[in-house]
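Please keep the sequence and the structure in view while reading.

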Amino acid sequence: MAADGDGKVYLRIRNLTKMFGDFAALRDVSLDVYDGEFVCFLGPSGCGKTTLLRAIAGLDIQTSGTVEQDGRDISALPPSERDFGIVFQSYALFPNMTVGKNVSYGLENRKLPRDQIRARVKELLELVGLHDQGDKYPAQLSGGQQQRVALARAMATSPGLLLLDEPLSALDAKVRVHLRGEIKDLQRRVGVTTIMVTHDQEEALTMADRIVVMDQGSIEQVGTPQEIYGEPRTSFVADFIGTMNFVPGEVIADHTVQIGGTTLTCPTDGITPGHAVTVAIRPEDINAQDIDGDDGNLVETEIRHLEFLGSFYRAELGGPAFGGHDINADFSINLVRRKNLDVGSAITVRFPAEFIRLYPRD
């Protein structure tokens, strides 16, 4: 895996645009995917992530731009001449074929010797935990088992690239969580370069080496899960990944922003005084424990609402400090018990400067 960019570029996408009439599904997209990497295309419905995957596969040829795989220009090649395996959301298994026959389908098309095919099918079914299911038909399997068969079939010919198009979205939540761990473990063991399309941020955060966040046919940000979550470059990424508070404010000096009646110290990243900004901070980054009077960015506020979420409480904080806007903060159960917090409680919280992000406002 080469998620840090120091490895070999296996897939090189340059200036990809895809038009459907007057509608631009992809807008000048460029991206490098490294050898052995697991990359997730993440974004809302209609953002272009599936169109990008289909362009890579040759299922929807781009209007302009190039795709190179392992140093070979595949931009105009049909799917049959590209080196990939693909798994769809709907499994797309042949219902009239046994599990073994589904897996061997691509190998038989290549006219490989029968002994070699049998050995490869056996190896793959063991790899996906279905060694004793080869004689069954897809309808006799659960959804999770069918998706494992689809994975085995996609990997049968040892493709250089594995493409996963929302492979878990048709499964129930418990199976989905279990299978995403299995898929990631399988990808690590096999070492195949993998691209997965998903709209589920939790899937992307737990499975990907790098995440490509897309919106309206363009790439908003590319980074590791930690970078995407902790250092969102745009307000769209900040809003789409996790939970984020957004409050209007204004930069009033270098490293100083004002929201309502509160002045906070934080990085202003070159935004000059007088500019309107959106101030963003995650609920879990607002601190109400071990606060010292000398700490900066202290705010006196009031709990307007308290929601129990199992392992923590989400508190809605309000009052004049935020200029009429409410802000969510996540408090541990121990803190709520120790301070006997409830709706109406006054509380002092700290906004750590390093966790405050500013986004320019038009």
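Helix H3 (114-127) supplies the largest share of the lining of the second largest pocket, five residues. This is a predicted model, in which local features need pLDDT of at least 70, side-chain atom pairs count only at pLDDT 80 or more, and totals for chains, interfaces and linings use all residues. Residues are numbered from 1 along each chain as its sequence is written, and side-chain values use heavy atoms, with hydrogens and water left out.

Helices (H or I, at least four residues) and strands (E, at least two) are DSSP runs, numbered from the N terminus. A pocket is defined on a 1 Å grid over the protein atoms alone, as an open set of points where a 1.4 Å probe fits, with protein on both sides within 12 Å along at least five of seven lines; lining residues have an atom within 4 Å of a point.

**Second largest pocket**

Its volume is about 260 Å³, taken as the space filled by probe spheres set on the grid points, which are joined across faces, edges and corners. Among its lining residues are Thr98, Lys101, Glu108, Arg114, Arg118 and Asp135. H2 and H3 are the elements that give two or more residues to this lining. By class, the lining has three nonpolar, four polar and five charged residues. Here Ala, Val, Leu, Ile, Met, Phe, Trp, Tyr, Cys and Pro count as nonpolar, Asp, Glu, Lys and Arg as charged, and the others, Gly among them, as polar.

**Helix pairs**

Axes are lines fitted to C-alpha atoms, for helices over the stretch in contact, and angles run from 0 to 180 degrees between N-to-C directions.

| Pair | Angle | Axes |
|---|---|---|
| H2 and H3 | about 125 degrees | 10 Å apart |
| H2 and H4 | roughly 25 degrees | within 7 Å |
| H4 and H5 | about 20 degrees | 11 Å apart |

Angles under 35 degrees count as roughly parallel, over 145 as roughly antiparallel, 65 to 115 as roughly perpendicular and the rest as oblique. H2 is therefore oblique to H3. The H2 and H3 crossing is right-handed: the near helix is turned clockwise from the far one by less than a right angle. The H2 side of this contact (heavy atoms within 4.5 Å) includes Val103, Leu107 and Glu108, and the H3 side includes Ile117, Val121 and Leu125. Seven nonpolar, two polar and two charged residues make up the contact of H2 with H3.

H2 (residues 99-109) and H4 (residues 143-155) are roughly parallel to each other. Their crossing is right-handed. Val99, Asn102 and Val103 of H2 meet Val149, Ala152 and Arg153 of H4. Four of these residues are nonpolar, one is polar and one is charged.

H4 is also roughly parallel to H5, which spans residues 173-190. The crossing of H4 and H5 is right-handed. Leu151 and Met155 are among the H4 residues in contact, with Leu179, Ile183 and Leu186 among those of H5. The contact of H4 with H5 holds seven nonpolar, three polar and two charged residues.

**Largest pocket**

About 590 Å³ of space lies in the largest pocket. It has 21 lining residues; closest to its centre are Phe84, Gly85, Gly106, Arg153 and Thr157. Strand S6 (84-87), H2 and H4 each give two or more residues to the lining. Which element gives the most? H2 does, with four residues. The lining divides into 12 nonpolar, five polar and four charged residues.
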